[in-house]
Amino acid sequence: MTIQVRQLHPVFVGEVSGVDLAATLPPETVAELTEAINRHAVLVFHGQTLDDDHLLALGRVFGNIEPPRNHRVVRRLKHAELADISNLDAKNQLRARDDHRRLDALANQLWHSDASFRQESGALSMLFAHVVPPVGGETEFADLRAAYDALTPAMQAKIEGLVVEHSIFHSRGQLGHTDYTEAERAALPPAQHRLVRTHPGSKRKTLYMGSHASHIIGWPMPDGRLLLRDLMEHATQREFVHRHSWRVGDLVIWDNRCTLHRGRSYDDAAHARDLRRVTTRDPESALERVA
Ligand SMILES: [Fe+2]
């Protein structure tokens, strides 16, 4: 099988045709897809038919699964390894406005990299659309390799070797959502990652940050936060950003090691949005731990 890839944005994002992701993928197709991920960082597939078994199997083709937090969720999906990216409860009813799980998930509308708050963070995420709202609810992606390349040499030298602390409670706290128990906080201690990394597949240098990125180790808090804000502003300029408008049957794969993403708002009191995600682990992120 030979896949076809059409680039959708000047610097990244490939639209892939010629592959049925519900089928067992032969090794040569997996190799072609891996090469396309390394090149485009985000791949878009249309017209797929994937149940929860298919989605989990697809994730396992590309690595070990990073189980989601599934924060205070009464499980709606078949597998605990799948992240329920929806506004639905276990009875498939729309969540109330003050639902804790809803408030927690609103922070997914901040630019982030999946599971960067874990020491073994996310590598590839695969998100499949079952139900989409009529307006809004898009997902935007930013290419952190292109953003890194566009930094001045002086800035590249300044940030080389810096280590950033990431925490899930930092991203939630930015929206003023701090209602977590001590046990919930203890279960997810902060992680440390280098701000500049080399992507293992493409060998390109990339920034690594996002809304979970709290501060720079060894720097005064305000200095580190200002630098991270500047870099976020730089990286999310329109020239590095692609917006995906979901259709039912879309599957999007993105590489958390070199991109940021954010969901966009929609009328979640009136319309369902049912997306389901599987994410693989990045074993190299655990190995890079800095003492
Ligand atoms: Fe996400």
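This is a predicted model: local features need pLDDT of at least 70, side-chain atom pairs count only at pLDDT 80 or more; totals for chains, interfaces and linings use all residues.

Colleague: Got it. How many helices and strands does the protein chain have?

Modeller: The protein chain has nine helices and 15 strands. Its radius of gyration is 18 Å, close to the 19 Å that the globule rule gives for 291 residues, so the chain is as compact as a globular protein of that length. The C-alpha trace spans about 50 × 45 × 35 Å along its principal axes.

Colleague: And what share of the residues count as buried?

Modeller: Of the 291 residues, 38% do.

Colleague: Which residues have the most contacts inside the largest nonpolar core?

Modeller: Those are Val-42, Met-126, Ala-142, Leu-144 and Leu-207, in a core of 56 residues. Strand β5 gives the most to this core, with six residues.

Colleague: Let's zoom in on Leu-207. What does Leu-207 touch?

Modeller: If you don't count residues up to four places away in sequence, Leu-207 touches Leu-144, Ala-147, Tyr-148, Leu-195, Val-196, Leu-231 and Ala-235.

Colleague: Okay, sheets now. What holds strands together in general?

Modeller: Strands of a sheet pair through backbone hydrogen bonds, and they can be parallel or antiparallel.

Colleague: So in the open sheet of three strands, what is the order?

Modeller: The order is β12-β6-β14, with antiparallel pairing. The edge strands, β12 (241–244) and β14 (259–263), each pair on one side only. On average, neighbouring strands here are turned by 20° against each other, ignoring direction.

Colleague: How many bridges join β6 to β14?

Modeller: Five bridges, with β6 covering residues 139–143 and the two strands running antiparallel. To find one on screen, look at Thr-139: its bridge partner in β14 is Gly-263.

Colleague: Which other residues have a positive phi without being glycine?

Modeller: Ala-41 is one of them, at about 70°. Another is Ala-115, with phi near 65°.

Colleague: Where is Ala-41, and is Ala-41 buried or exposed?

Modeller: Ala-41 is found in the loop between α1 (27–40) and β3. Ala-41 counts as buried because it has 31 C-beta neighbours inside 10 Å, and the cut-off for buried is 20 or more.

Colleague: And where does Ala-115 lie?

Modeller: In the loop between α3 (100–105) and β5 (122–131). Ala-115 is buried as well, because 27 other C-beta atoms lie within 10 Å.

Colleague: Last one, His-46. Why does His-46 count as partly exposed?

Modeller: Because His-46 has 14 other C-beta atoms within 10 Å, and partly exposed falls between 12 or fewer for exposed and 20 or more for buried. His-46 lies in the loop between β3 (42–45) and α2 (52–62).

Colleague: What is His-46 in contact with?

Modeller: Leaving aside neighbours within four places in sequence, His-46 is in contact with Arg-247, Gly-249 and Asp-250. As for Arg-257, 211 residues away along the chain, its C-alpha atom is separated from that of His-46 by 24 Å.

Conventions:
Residues are numbered from 1 along each chain as its sequence is written. Two strands pair if DSSP finds at least two bridges between them. Helices (H or I, at least four residues) and strands (E, at least two) are DSSP runs, numbered from the N terminus. Axes are lines fitted to C-alpha atoms, for helices over the stretch in contact, and angles run from 0 to 180 degrees between N-to-C directions. Two residues are in contact if their C-beta atoms, placed from the backbone, lie within 7 Å. The radius of gyration is taken over C-alpha atoms; the globule rule is 2.2 Å times the number of residues to the power 0.38. A nonpolar core is a set of buried Ala, Val, Leu, Ile, Met, Phe, Trp, Tyr and Cys residues joined through C-beta atoms within 7 Å.
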